Amino acid sequence: MDVYRAIADPTRRAILDELVDRSGQSLFELCARLTMKHGINSSRQAIAQHLGVLEAAGLIRTRRVGRSKLHWYQGDPLKAIAERWPIATDERDT
Amino acid sequence: MRIHLAGVFVDDQQKALRFYTETLGFQLKHNIPLGEYAWITVVSPEDPEGTEFLLEPDNHPAVRPFVDAIGADGIPSTSFAVDDLQAEYERLVAAGVKFVQPPTDLGPVITAVLDDTCGNLIQIQEQKPQP
């Protein structure tokens, strides 16, 4: 799964926003935040599928803590974008 | 019709009774021995004649797979209302309670989710005053 397709979807971007706000969330907490803060009323199954796409792209990782499977944001794949198209270059019109 | 009874399945009724009374702060209402198990209910000290909460044994084979599956996705078995969520959170953390979700502002409500040590996740929530 490539990172560009993973972040092309607005629901998946909202998921990343919420995981940046607080890392280590369950599916239940994420769904509550998406509904209450973003007005996204997708089913839990749909959100779980989005999480699968993000995990395949390396943008989140998961671990079981106690009873629950929790999700963390992981920004490493985005580095490839900044490296490919640097924000600052030496080739300005000077 | 009224709701007089709600509850959760617990892996150990005596351990659950201690957690729900000594830690959460509910009061014992009934403790009726029924052979291997007991009919144990607790009530809120703020509403001792109100809805009873049953601590039900989880010995039916369908219970653990069900409760474990919803717990894996972080879904609470039930929810309790509190007046001051931040204060309850701090009190319970000091008492050693593990939270899987710290107080989270969701707009009309603030919620948190704790582990009851008996197999369940429990949500507590504070309803904000209506503007």
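Reply: Let me begin with a hairpin: β7(B) and β8(B) form one with 5 residues between them, and T117(B) in its turn has a positive phi of about 65 degrees. Helices (H or I, at least four residues) and strands (E, at least two) are DSSP runs here, numbered from the N terminus. This is a predicted model, in which local features need pLDDT of at least 70 and side-chain atom pairs count only at pLDDT 80 or more, while totals for chains, interfaces and linings use all residues. Residues are numbered from 1 along each chain as its sequence is written, and chains are lettered from A and ligands numbered from 1 in the order in which they are written.

Me: Is T117(B) buried, exposed or partly exposed?

Reply: T117(B) is partly exposed, with 18 other C-beta atoms within 10 Å; the cut-offs are 20 or more such atoms within 10 Å for buried, 12 or fewer for exposed, and partly exposed in between, with C-beta atoms placed from the backbone. The residue is not a glycine, although its phi is positive.

Me: How many bridges join β7(B) to β8(B)?

Reply: The two run antiparallel and are joined by 7 bridges, and D115(B) stands opposite L121(B) in β8(B). Strands count as paired if DSSP finds at least two bridges between them.

Me: What about the whole sheet, what's the strand order?

Reply: In chain B, 4 strands form an open sheet in the order β5-β8-β7-β6, with mixed pairing. β5 (78-81) and β6 of chain B stand at the edges with a single partner strand each, so one side of each is left without a neighbour in the sheet. Neighbouring strands are turned by 20 degrees against each other on average, direction ignored.

Me: Which strands pair in the parallel sense?

Reply: β5(B) and β8(B), residues 121-127, pair in the parallel sense over 4 bridges, and F80(B) has I124(B) in β8(B) as its bridge partner. β6(B) and β7(B), on the other hand, run antiparallel and are joined by 4 bridges, with D105(B) opposite I110(B) in β7(B). The hairpin of β6(B) and β7(B) has 3 residues between the strands, and G107(B) takes a positive phi near 95 degrees there.

Me: Which helix lies across β6, β7 and β8 of chain B?

Reply: That is α3(B), residues 85-94, which runs at about 160 degrees to β6(B). Axes are lines fitted to C-alpha atoms, for helices over the stretch in contact, and angles run from 0 to 180 degrees between N-to-C directions.

Me: Switching topic, how many residues of chain B are in contact with chain A?

Reply: 13 residues of chain B are in contact with 12 residues of chain A, contact meaning that the C-beta atoms, placed from the backbone, lie within 7 Å. On the chain B side, α2 (63-72) and β6 (99-105) are the elements that give two or more residues, and β6(B) gives the largest share, 3 residues.

Me: And over in chain A, which residues of α2(A) are buried?

Reply: They are R12(A), I15(A), E18(A) and L19(A). These cover an arc of only 120 degrees around the axis, which puts them on the same side of α2(A); the arc is taken over the directions from the helix axis to the C-beta atoms. The face turned away from that buried side carries the exposed residues P10(A), V20(A) and D21(A).

Me: What do the buried ones pack against?

Reply: The buried residues of α2(A) pack against α1 (3-6), α3 (27-38), α4 (44-56), β1 (60-65) and β2 (68-73) of chain A.

Definitions and conventions
Contact = placed C-beta atoms within 7 Å.
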